[in-house]
Each structure stands twice: as structure tokens, then as C-alpha cells.
Amino acid sequence: VLSKVFIEELANAGVPIIAIDPQGDIASLAELAAEDEIAKKNVDSKILRSFSKNVEVVVWTPGSSKGLPICMNPLQFSGVENLSDEDKTRYFSATAKNIVSLIGYELDSDDGKSAEALLSVLFEYCFDSDIILDDFKDVTRLLNNIPGPVEEVAGSVATSRSIKRLHKKLSLLTLGSRKLIFQTGVPANVEALLGLDGSTDKTRVSIIYLNTLHTTEEKEFFITGIAQLLYRWML
């Protein structure tokens, strides 16, 4: 309730909001009360009219077309070229860690650290070599034939068996409902979420409704992806 009050007041003051909604209660901001209802609570109807006129509430649904579908493709590295070398390395490492967690590795385990290191180096190599990764099929193809500059790192942090295991786990992201997270809807974009992309003249409240995702790993992956986008946008 406190979060919803903050959202309403900030939005009415012209501050755009990105809200993560894990249960569905924040999405109820899209339903405005009637004037006679708020009058019973001694709330000035001008506040309601101002909110209705100046604020738009958008409910985004990851991996689903039930609301406004939104997807998160961690393999799209646009904007990374503007980062410093240090921030670039951190970005690829964080991206790799997020993917490794999604596919079921324990991040503190040797296998998890190995998979994270290998993907991080592979992503940085692809970025530096202008190799575009459209989806995880492209990643698995590279794991089948690891490029020379990455091969030395791969040999020092992973075995052929662990690389095959990583390949299999990544392949599962291209099948079934999980692929919808990366393919269904518009790609997540901070400017669009904040309504700063020219698509509205109102203050946008973007609610990302997580209940369209089915596992804790998927929800954590999406939240982490949004946080990464925000960090990159702020930089």
C-alpha cells in the first residue's frame, strides 16, 4: 500500500515510474476509483482528475501477450560501446552470471563459475569482433566451435564435459515456453518504460507483472535484466 501511495504521488508530480509487481496488486493502479468513492474518504476529486489526465499506467507482461508483452534478450549489446573498458567487462560478466543462474547453475559452485567465465569471455569476444548474437542458438553454435581467442580461456576454466553440459542447458532456452521470455513482445527498453521515447505525452507508470513468468529463476532473471538496463542507461 505504501509503495502504491508513493507511485501515485510521484506520478502525479510528473515523475515516471518502473514498478516490479510480483503479486498483481500494483497493477490495480490501472483501475481508477469513481469520484463518489474518493469523496467518501475526503479526498479532493481534483487529484483523481489530475491523475487521469496526466498519468498513464501501462502493465507489461513478460513472455505473455495477456497485457503488453515485453521480452528480455540479454544477447543484445547495443549501447555497450559507450561504456568504459572496466564497465564493459563488468557488464558482460553480469550478463553471463544472470544467464548461468537462469539455466540452473549454482553461482558459487565450480561449474557455475566456469560457465560464467566462459560465457563472459565469449560475449566480449563477439562484441569486439562485431559478431551479432540473435539468440541462444548462435551461442550454442559458438560453443560447438569455440573461436581461437576464446579457446585458451575455455581450456583453463572448463572441460569438454562441462562445455557440453553448458551447451545442453543453453539449448533448452530455445524450446518451449522459456523461449517466449526472449522473443515475445517488444524488447525491454528504459526509455520506453519511462515513456521518454516519444510514445506518450503523459507521465508513464510502467508495471512489470511477474506472474506471467512461471519460475523463481525466470522472475529473478527478468528483474536482473531490468536492473542491468537501468544501470547501463544511467551510465
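1. Contact here means heavy atoms within 4.5 Å. On that basis, residues 24 or more positions apart account for 70% of the contacts in the protein with a separation of 6 or more.

2. A note on the basis of the values. This is a predicted model, in which local features need pLDDT of at least 70 and side-chain atom pairs count only at pLDDT 80 or more, while totals for chains, interfaces and linings use all residues. Residues are numbered from 1 along each chain as its sequence is written, and side-chain values use heavy atoms, with hydrogens and water left out.

3. Overall make-up. The protein has 11 helices and five strands; these are DSSP runs, helices being H or I of at least four residues and strands E of at least two, numbered from the N terminus. The C-alpha trace spans about 70 × 35 × 30 Å along its principal axes. Of the 235 residues, 42% are buried (under 20% relative accessible area; exposed is over 50% and partly exposed is in between, with a 1.4 Å probe and protein chains only).

4. Surface and charge. Lys and Arg count as positive and Asp and Glu as negative, while His and the chain ends are not counted; the place of a charge is NZ of Lys, CZ of Arg, CG of Asp or CD of Glu.

5. Five strands form an open sheet in the order 1-5-2-3-4, with parallel pairing. Strand 1 (17–21) and strand 4 (186–187) stand at the edges with a single partner strand each, so one side of each has no neighbour in the sheet. Two strands are taken as paired if DSSP finds at least two bridges between them.

6. Strand 5. This strand (residues 203–209) runs parallel to strand 2 (residues 55–62), and six bridges join the two. Within that pair, Val 55 stands opposite Thr 203. Strand 1 is also parallel to strand 5, with five bridges between them; Ile 18 has Ser 206 of strand 5 as its bridge partner. Strand 5 is mostly covered, six of its seven residues being buried.

7. In one of them, the side chains of Glu 56 and Arg 204 meet at 2.6 Å, N to O. Glu 56 belongs to strand 2 and Arg 204 to strand 5, so the pair ties together parts that are 148 residues apart in sequence. Both Glu 56 and Arg 204 are buried.

8. Ala 192. This residue is found in helix 10 (residues 190–193) and is buried, with a relative accessible area of 18%. Leaving aside neighbours within four places in sequence, Ala 192 is in contact with Asp 197, Arg 204 and Ser 206. Ala 192 and Ser 28 are 164 residues apart in sequence and 21 Å apart in space, C-alpha to C-alpha.

9. Helix 4. Asp 85 and Lys 88, both in helix 4 (residues 85–102), are three residues apart, about one turn of the helix. Their side chains meet in a salt bridge at 3.9 Å, N to O. Asp 85 is exposed at 61% relative accessible area, whereas Lys 88 counts as buried at 12%.

10. A second pair in helix 4. Asp 87 forms a salt bridge with Arg 90, their closest N and O atoms being 3.5 Å apart. Asp 87 and Arg 90 are likewise three residues apart in helix 4, about one turn. Salt bridges that share partners join Glu 86, Asp 87 and Arg 90 into one network. Asp 87 is buried at 16% relative accessibility, and Arg 90 is partly exposed at 48%.

11. Arg 232 lies in helix 11 (residues 216–234). Arg 232 is buried yet has no salt bridge, and the nearest side chain of opposite charge, Glu 81, is 7.8 Å away. Not counting residues up to four places away in sequence, Arg 232 touches Gln 76, Phe 77, Ser 78, Val 80, Leu 83 and Tyr 91.

Terms used
Salt bridge = Lys/Arg side-chain N within 4 Å of Asp/Glu carboxyl O.
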